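Dear colleague,

I am handing over the structure we spoke about, and it is placed directly below.

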Amino acid sequence: MKKYMVLPAFISLAALSVWGCKSKEPEKPEAATAIEITNDQEGEKETKSWDKEEQQAKGQKEKQDKEGQQNKKGQQDKEGQKNETEQKKEGQQMEEASFSFADLNNVEFIFSSGAGGWQTSLTIGENGSFSGLFFDGNLGDTGEGYPNGSVLWSEFGGSFTQPVQEDAYTYSVQLAELEYKDLIGKEEILDEMRYCYMDAYGLSDARTILIHLPGTSLEEIPEEVRSWIGYYDLSQLTDTKLPFFVLENEQHGYAFRGYDMVEELKKTIAYTESQVAEQEKSIHNEALSQMELTEKTGYIYNLWDQALNSTWDVLKKTMDAETMEALTVEERRWIEQKEAAVAEAGAEFEGGSIQSMVMNNMAAELTKARLYELLEWLE
């Protein structure tokens, strides 16, 4: 209570002293001086007390401001690092998903019903050119001159424009050119089968083709497109990312599934090896007639020959024209040498019951060796 009573008195005396100074030099009465001194001491105490509190408050505020600035700066740095990390991550994704036609060198695209009734296949070169085959067989559609049935057929080629990136895992191309080897609507009979030439399923009326890269989220692919490549009902699958290349005909929602031809060929050869091993085991462990031996050795030769044909087909689709031209010359020479070696092997047993078996064995041995020689071109 004391300081509140003293301060008003001090303020009043000070005010009188100020106004008096304007007219004359101030005179300090003792009482007033005593009061003034007393009030100054208490006021000094109060002022110091207020100053201390004010300084503490100010210091606290400065500390809070400093901490706030540091937090703000830390948050900005954190956000900056986050943005930088996200940008770096996005950049890595874009880089990881970079694409050119060269990436499709070993890929064959198949558009089919899934039941084997019809199929359109195509391969794409490094410059965007493509070639392919369409067929849809109907062995029951027979007639005079074509007892083996009928087939819808077309061999085609063309080119795509250069890829344009749409998002991290999708590129688009335009169908620049599409030509057919035979006139659409033409019919002819070959090898007692009727060929009806027509447009290739999946490419007719196509304009924009979307290329979905491996790693594409399956949820981002339209349901209709997924239905063509085995991913219609995602709730029944554990996969979340596309494991292969896909071509999407954007106008119609058709999809071509990409297969690695070399990997598929390796599976074919592995199957061939297992089948041959079974036949050889049977030959060595079972009591077979000569006819059965001849049949089994003939089957073994056919297995290796089919695998060789599959290998040759992959080479044609993956090698450049110059390489294939040289390989074709070499292959023709090998065929002549094989046929001569087989005939020579059989001549020694001409007219005998084992002649065919011996010839089968020689043909199988040479074909198998040639198969593995050609495989080296795909490594």
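Aspartate 191 has its place in the loop between strand E7 (187-190) and strand E8. Please keep in mind while reading that this is a predicted model, and that what I report here was computed from it. The phi angle of aspartate 191 is near 50 degrees, which is a positive value in a residue other than glycine, and with a relative accessible area of 71% aspartate 191 is exposed. Glutamate 192 is found in the loop between E7 and E8 as well, and although glutamate 192 is not a glycine, its phi is positive too, at about 60 degrees. Glutamate 192 has a relative accessible area of 47%, and because that value lies between the limits of 20% and 50%, the residue counts as partly exposed.

For orientation, the chain as a whole has seven helices and 11 strands. Of its 379 residues, 32% count as buried. Among the contacts in the chain with a separation of 6 or more, residues 24 or more positions apart account for 63%.

Next, the aromatic rings. What is the count of aromatic pairs in this model? It comes to 18 aromatic pairs. In one of them, the rings of tryptophan 153 and tyrosine 195 have their centres 5.5 Å apart and their planes at 80 degrees, and because planes over 60 degrees apart count as edge-to-face, this pair is edge-to-face.

Elsewhere, ring pairs join Phe111, Trp118, Phe134, Tyr201, Trp228, Tyr254 and Phe256 into a cluster. A charged side chain also meets a ring, in that arginine 257 lies over the face of phenylalanine 244, at 3.9 Å from the ring centre.

The helices deserve a careful look as well. How do the axes of helix H5 (residues 290-318) and helix H6 (residues 321-347) cross? They come within 11 Å of each other and cross at roughly 165 degrees, and because angles over 145 degrees count as roughly antiparallel, H5 is roughly antiparallel to H6. The crossing of H5 and H6 is left-handed. On the side of H5 the contact is made by Tyr301, Leu308, Trp312, Leu315 and Lys316, and on the side of H6 by Met324, Leu327, Thr328, Glu331, Trp334 and Lys338.

Helix H5 also crosses helix H7, and here the axes come within 8 Å and cross at roughly 20 degrees. That angle is under 35 degrees, and H5 and H7 are therefore roughly parallel to each other. The crossing of H5 and H7 is left-handed.

Threonine 367 lies in helix H7 and is buried, with a relative accessible area of 0%. Leaving aside residues up to four places away in sequence, threonine 367 touches Tyr301, Trp304, Asp305, Leu308, Trp334 and Lys338. Of these, Tyr301 and Leu308 of H5, together with Trp334 and Lys338 of H6, are also among the residues that make the contact between H5 and H6.

Leucine 375 is found in helix H7 too, which spans residues 355-375. At 15% relative accessibility, leucine 375 counts as buried. Leaving aside residues up to four places away in sequence, leucine 375 touches Leu265, Ile269 and Thr311. Leucine 375 and leucine 308 are 67 residues apart in sequence, while their C-alpha atoms are 9.2 Å apart in space.

With kind regards

Notes: Residues numbered from 1 in each chain as written. Predicted model: local features only at pLDDT ≥ 70, side-chain atom pairs only at ≥ 80, totals over all residues. Heavy atoms only, no water. Phe/Tyr/Trp six-rings, centres within 6.5 Å; stacked < 30°, edge-to-face > 60°. Lys NZ or Arg CZ within 6 Å of the ring centre and 35° of its normal. Axes fitted to C-alpha atoms, helices over the stretch in contact; angles between N-to-C directions. Helix = DSSP H or I, 4+ residues; strand = E, 2+ residues; numbered from the N terminus. Parallel < 35°, antiparallel > 145°, perpendicular 65-115°, else oblique. Left-handed = near helix turned anticlockwise from the far one by under 90°. Contact = heavy atoms within 4.5 Å. Buried < 20%, exposed > 50% of the residue type's maximum accessible area, 1.4 Å probe, protein only.
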